Amino acid sequence: MNGSSAEVPTPLSDDLIVYYRRVLAAHSIDPVSRVCPVCGVKRCADWQQAYERLVVAGVDLESRVGP
Ligand SMILES: [Zn+2]
């Protein structure tokens, strides 16, 4: 046992959270072409990196859901 069972979220600054959210929005899958409109591929590297950073930081990505 090494006692490392608890994972502590890596904190992100508010600026970085805003930045990564913008990256996610810009690189989201286009509903028509089904690929990133910027990179032309599905789930591009930019999108994956931003998504992973937000998830690791414990950011709730579902909080934008409206009524
Ligand atoms: Zn992209």
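This is a predicted model: local features need pLDDT of at least 70, side-chain atom pairs count only at pLDDT 80 or more; totals for chains, interfaces and linings use all residues.
View 1. Residues are numbered from 1 along each chain as its sequence is written. The secondary structure comes to two helices and zero strands; both kinds are DSSP runs numbered from the N terminus, with helices being H or I of at least four residues and strands E of at least two.

**View 2. Where the two helices cross.** Here the axes of α1 (residues 14–26) and α2 (residues 45–56) come within 9 Å and cross at roughly 140 degrees. Axes are lines fitted to C-alpha atoms, for helices over the stretch in contact, and angles run from 0 to 180 degrees between N-to-C directions. That angle makes α1 oblique to α2, since under 35 degrees counts as roughly parallel, over 145 as roughly antiparallel, 65 to 115 as roughly perpendicular and the rest as oblique.

**View 3. Who touches whom.** On the α1 side, I17, Y20, V23 and L24 make the contact, and their partners on α2 are D46, W47, A50, Y51, R53 and L54. Two residues are in contact if their C-beta atoms, placed from the backbone, lie within 7 Å. Sorted by class, this contact has eight nonpolar, no polar and two charged residues (Ala, Val, Leu, Ile, Met, Phe, Trp, Tyr, Cys and Pro are nonpolar; Asp, Glu, Lys and Arg are charged; the others, Gly among them, are polar).

View 4. With 12 residues, α2 reaches 16 Å from its first C-alpha to its last, close to the 16 Å expected at 1.5 Å a residue (the expected span is 1.5 Å times one less than the number of residues). After α2 comes G58, with a positive phi near 80 degrees.

**View 5. The loop between α1 and α2.** R34 sits in this loop and has a positive phi of about 65 degrees, although it is not a glycine. R34 counts as exposed because it has 8 C-beta neighbours inside 10 Å. R43 is also found in the loop, and its phi is positive too, about 45 degrees, again without being a glycine. R43 is partly exposed, with 14 other C-beta atoms within 10 Å.

Terms used
A residue is buried if 20 or more other C-beta atoms lie within 10 Å of its own, exposed if 12 or fewer, and partly exposed in between; C-beta atoms are placed from the backbone.
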